[in-house]
Amino acid sequence: MKNKSLVSINDFTREEHVRILELAGAFEKRPKQRILEDFVVATLFFEPSTRTRLSFESAATRLGARVIGFTDASSSSVTKGESLRDTILTVSNYCDIIVMRHPREGSARFASEVSKVPVINAGDGANQHPTQTLLDMYSIRKTQGSLDNLNIAFVGDLKYGRTVHSLVQALCNYNTTFHLVSPQELKLPSSVKIDIKERNLVYHQYTELLEVIPKVDILYMTRIQKERFSDPLDYEKVKNAYVLRNNMLESAKANLKIMHPLPRVNEITTDVDDNPKAYYFTQALNGVFVRQALLASILGVVD
Amino acid sequence: MEKEDLRKELKVSAIENGTVIDHIPSESVFQVIKILNLTEYQNQLLIATNLDSQKMGKKGIIKVSNKFFKSDEINKIALVAPSATLIIIKNFAVIEKKKVEVPDYAEKIVKCFNPNCITNNEEITTKFTVIDKKELKLRCHYCEKITARDNISFR
């Protein structure tokens, strides 16, 4: 994977995904290794995303790399009207790898074509966020022992959530049975369902959360955003229908884990946090190991 | 070609050598000219539009003297004129007649329908993979969104 950009989850093969997950496991055992001391990592955040940026910077710093960059476009020359092309051409002189978050879809692909150094996409608009997908895969594999043959429920906003779309697409390689729980207005788009059908995999759709809980190994919760509804009344109708409470977990399988890409608002009540099935904060920690694995393998320090 | 079509075609003089692009939807004639870069063409170029057509109601036709297109060049017009017929003329005689085919890739000419795509916000050559030739669905190389027949437009 040396010098290879990661823009879209499909840029890496199934074998490469597995290799990253294995490497992430090694970094989880030994998170502090100064193997990137000779490298400069640039984090270019054209829109703020504190969580993702800190996770990348933590990963880079724990491996001894130097980190340069900006945290939102207002503190860069973008406000002076510089094109993305020029910013990337300039910054790629100063660093060995670029981590980029940008509000426009396709910006990361374009940056990877212009840049002299590899680019890791940390989110391009509503399009892709592949490191989130990899950390989700890592979390599932770690808690379930394998990615194969699992029953996975996705709950909430399945229409607009890029996290959900990419993870569903990645899991299509692992004989997953999908359980899709959402209001009518926020069902999984047909373009993603086509991917499931093409692999001859099964999906079930529900509008009720409770009935799906005993069936699944992973419950992947997402936030339903008010602004997704054209009629505020429609939002009021569904906003409490997809809230997970601790007492709903009595019928769950022993191995069930609850995941959430965070930030959470009210879709998981805080009484769930103490339940051993709650996994969302560990999931965020796993992001650091996955990003360490990506930086180290793309910079060619590990094979 | 039906008899009536033949008669109509004579409204536009015959060419000795070159390519005739027939059965272009009237509204797409100028788009085809643009896609094929014919605005700069230095040889004889005959353009007619809103001609009566039995098949299409109204149609356009373009006759390009001394020009034989490569197939990847000409197939681009299938995106705007899927009904177009190509007729290769040598010494006033029809040598070959064929339909245009939707290409596997489209560069430059198509505009991504996603307003938030980077190609609509910076100077970037658009690139698409045609994922469905029949229904005409194109996946943007950059934002990965699908531009379909209903929302396709050209640069």
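**Close-ups of a two-chain predicted model**

**View 1. Helix 2 of chain A and what lies around it.** Helix 2 of chain A (residues 50-62) is 13 residues long and spans 18 Å from its first C-alpha to its last, close to the 18 Å expected at 1.5 Å a residue; the expected span is 1.5 Å times one less than the number of residues. Helices here are DSSP runs of H or I with at least four residues, strands are runs of E with at least two, and both are numbered from the N terminus. This is a predicted model, so local features need pLDDT of at least 70 and side-chain atom pairs count only at pLDDT 80 or more, while totals for chains, interfaces and linings use all residues. Residues are numbered from 1 along each chain as its sequence is written, and chains are lettered from A and ligands numbered from 1 in the order in which they are written. On helix 2 of chain A, the buried residues are A:Thr52, A:Arg53, A:Ser55, A:Phe56, A:Ala59, A:Ala60 and A:Arg62 (buried: 20 or more other C-beta atoms within 10 Å of its own; exposed: 12 or fewer; partly exposed: in between; C-beta atoms placed from the backbone). They pack against strands 1, 2, 3 and 4 and helix 9 (280-298) of chain A (contact: C-beta atoms, placed from the backbone, within 7 Å). After the helix comes A:Gly64, with a positive phi near 90°.

**View 2. The open parallel sheet of chain A.** Four strands line up in the order 2-1-3-4; strands pair if DSSP finds at least two bridges between them. Strand 2 (66-70) and strand 4 (119-124) sit at the edges with a single partner strand each, so one side of each has no neighbour in the sheet. From one strand to the next, the twist averages 15°. Strand 1 (residues 40-45) and strand 2 of chain A pair in parallel over 5 bridges, and A:Leu44 stands opposite A:Phe70 in strand 2. Helix 4 of chain A packs on this sheet, touching strand 3 (97-102) and strand 4, and its direction makes about 160° with that of strand 4. That angle is between N-to-C directions on a 0 to 180 degrees scale, with axes fitted to C-alpha atoms, for helices over the stretch in contact.

**View 3. Where chain A meets chain B.** Here 13 residues of chain A contact 15 residues of chain B. On the chain A side, helix 3 (84-91) and helix 4 (107-114) are the elements that give two or more residues, and helix 4 supplies the largest share, 3 residues. That side divides into 2 nonpolar, 7 polar and 4 charged residues (nonpolar: Ala, Val, Leu, Ile, Met, Phe, Trp, Tyr, Cys and Pro; charged: Asp, Glu, Lys and Arg; polar: the others, Gly among them).

**View 4. Antiparallel strands in chain B.** Strand 6 (residues 105-107) and strand 8 (residues 127-132) of chain B pair over 3 bridges, with B:Tyr105 partnered by B:Thr129. Strand 8 also runs antiparallel to strand 9 (residues 137-140), over 4 bridges; there B:Val130 has B:Leu138 as its bridge partner. Strands 8 and 9 of chain B form a hairpin with 4 residues between them, and B:Leu136 in the turn has a positive phi of about 55°.

Methods
Contact = placed C-beta atoms within 7 Å.
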